[in-house]
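Take a look at the protein below.

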Amino acid sequence: MEAAAVAAVLGFLLLAAAGRSAGDEAREAAAVRALLARLLGPGPAAAFSVSVERALAAESGLDTYRLSGGGAGALVRVLGSSGVAAAAGLHRYLRDFCGCHVAWSGSQLRLPEPLPAVPEELTEATPNRYRYYQNVCTHSYSFVWWDWARWERELDWMALNGINLALAWSGQEAIWQRVYLALGLTQSEIDEYFTGPAFLAWGRMGNLHSWGGPLPRSWHLKQLYLQHRILDRMRSFGMIPVLPAFAGHVPKALTRVFPQVNITQLGSWGHFNCSYSCSFLLAPEDPLFPIIGSLFLRELTKEFGTDHIYGADTFNEMQPPSSEPSYLATATASVYQAMITVDPEAVWLLQGWLFQHQPEFWGPAQVRAVLGAVPHGRLLVLDLFAESQPVYTRTASFHGQPFIWCMLHNFGGNHGLFGALEAVNRGPVAARLFPNSTMAGTGMAPEGIGQNEMVYALMAELGWRKDPVADLEAWVTSFAARRYGVAHKDTEAAWRLLLRSVYNCSGEACSGHNRSPLVRRPSLQMATAVWYNRSDVFEAWRLLLTATPTLAASSSFRYDLLDVTRQAAQELVSLYYEEARAAYLNKELVPLLRVAGRLVYELLPALDKVLASDRRFLLGSWLEQARAAAVSEAEARFYEQNGRYQLTLWGPEGNILDYANKQLAGLVADYYAPRWGLFMEMLVESLAQGLPFQQHQFDKNAFQLEQAFVFSTQRYPSQPQGDTVDLAKKLFLKYYPRLVAGSL
């Protein structure tokens, strides 16, 4: 595609965006001032002047902010071309001039007095139109139980990080219910179709139906309420909410109402049988397709309004019924046609994961058929895993369709220190410089949030940078100082060690999916190899503990100390497992008994105890959020079981076992530790009796333990117990000398 055509496509997006964003400048400025008051308190907030003027971005059409003022008695002036731009400018001032830090786990907001002056007026424009956020899965792995208070904090975080494009998918099942009732389905047929709350992401993408359901009536009402508040706040900042659209998946019950309808049943997904997967796809040429698509979008936009960008994923991780380019083009065109029937300005946001996930199906002809079925500039593709396996490089920049370079980073919301920082740092610029690039923005698309916050701080900053960070070591050093509110040589050295180790993954095999033996059902074939030197993690652990006399009062420091302690314990589990496997294979019963006892009765209980010292690592916090979303005890038990299933078995038979693994107090003690105890017990029994280890029998026995955990009604603390520093120190003093001596 020639450069002139590329410019025309991206120009169309900017023009459309300009039309959408010509709203009330005063409202957006007021929203940022309110954010500032929530963040700093009314008194400190009064030291800032915030205003929004569209004309600031008139020349480039791209979000721009300007900082000036400050110093003794002078207001800090923040001007933005939109509310989001003003919020990003405010964040830049707090970060770079005041040494503050805003994060999911808690913020460090100690302001200097007086507020520092901006030496020279600073104007910054983003290099791209969009800074995108979220993955369809994030709504299930992280957001599922949120109330408005938690959503409000997240929306503030989004604004401060300059996010201007994000999914807003709450409440859509209530709209679908209206549509299905209007089409003649019964309430029970609709109830049988929807998944439970913790699995809605995969119902929305057509991967699943029914599993974990039905949704209570109260769920629909509360989600409608939440969606209205979320949209109102997003729009008040000048963000563009992405609403859902019809992708073609329908309930089987539709065939009762319309016996002649042309429906294809797709294959199974995620090791689920057809009771819960094998979704029904309405044929694109069926006359019912545009009717359902336009009915849904009309009802949705009547309820929520629109900003003209819609998300839909027809073939996410599912093989289409035909590989014929003509079929794929027709299926794609039908989804788009249903959108523009209701909204002639519609732009379709498509997750490009399908092209990356099944490259053997999505050959050049198939990819071109999908991308060519929508007019250029009306399909906005998320290159979802671009930091590891970019698709734009092998599709000639998505054959001229605009795309957003995304960092996926995390799968399943797993804990575990991980990052591919070099790839993340260099990736956006490489995509912009790609021949005839149609890159329209950068994005953060994790399946789950609340982990590895340094990675997201860098990615958010890159959304406003024209060039990569020149020196990542210097960047991470300043990150540590901002995060804790003070420079400290030991914490800075610790972060540099983490940067060169856990955060320095490279190559196509890298992903943020924690495969540590700690969080996996044990076997004798478990992989323990890591891409870094474990000694760097242990040394970073030592350095953080050395800094505790100075930094123990910092909530962010205590979080990081616990997170690195957790990582060190995870490494120890791998080392103990290797010892146990070697002892078993060498038929050494006494060493096997010794290592089994240390792992099951010493290390795992100690890990659970240190996790219990921080509310951010409590199983009880997750389960209490689920229960709080309910309006009755029966609902609370139902939601809690949904939440327990997601963290462990995922499906009724362990269909996607431990995919969403977490290292939480309570989960370690009552799920991982008993499973490891069973494994070691059966290894010892096998060795003592001179019989081969029966993995199949162990799996059956382990499933009983896993299922018992899911069905348990035991309540877990939602308040921390114990002191993180003391507990981390005890763990360190017990294991670090053994590591140094080489004798665990």
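The sections below cover the salt bridges of this predicted model.

## The overall count

The model holds 41 salt bridges.

## A link across the sequence

Start with Asp723 and Arg558. Their side chains form a salt bridge, with N and O 2.5 Å apart. Asp723 sits in the loop between helix 28 (695-711) and helix 29 (724-741). Arg558 belongs to helix 23 (residues 555-585).

How accessible is Asp723? Its relative accessibility is 28%, so Asp723 counts as partly exposed.

Arg627 pairs with Glu633 in a salt bridge. Their closest N and O atoms are 2.8 Å apart. Is Arg627 buried or exposed? Arg627 is buried, because its relative accessible area of 11% falls under the 20% cut-off. Glu633 is partly exposed, at 42%.

## A buried pair

Asp658 and Arg675 form another salt bridge. Here the closest N and O atoms are 2.8 Å apart. Asp658 lies in the loop between helix 26 (633-647) and helix 27 (667-689), while Arg675 lies in helix 27. The pair therefore ties together parts that are 17 residues apart in sequence. Both Asp658 and Arg675 are buried.

Some salt bridges share partners. Which residues do they join into one network? The members are Arg92, Arg95, Asp96, Glu124, Glu461, Arg465 and Lys466.

Notes: Residues are numbered from 1 along each chain as its sequence is written. This is a predicted model: local features need pLDDT of at least 70, side-chain atom pairs count only at pLDDT 80 or more; totals for chains, interfaces and linings use all residues. Side-chain values use heavy atoms; hydrogens and water are left out. A salt bridge is a side-chain nitrogen of Lys or Arg within 4 Å of a carboxyl oxygen of Asp or Glu. Helices (H or I, at least four residues) and strands (E, at least two) are DSSP runs, numbered from the N terminus. Buried means under 20% relative accessible area, exposed over 50%, partly exposed in between (1.4 Å probe, protein chains only).
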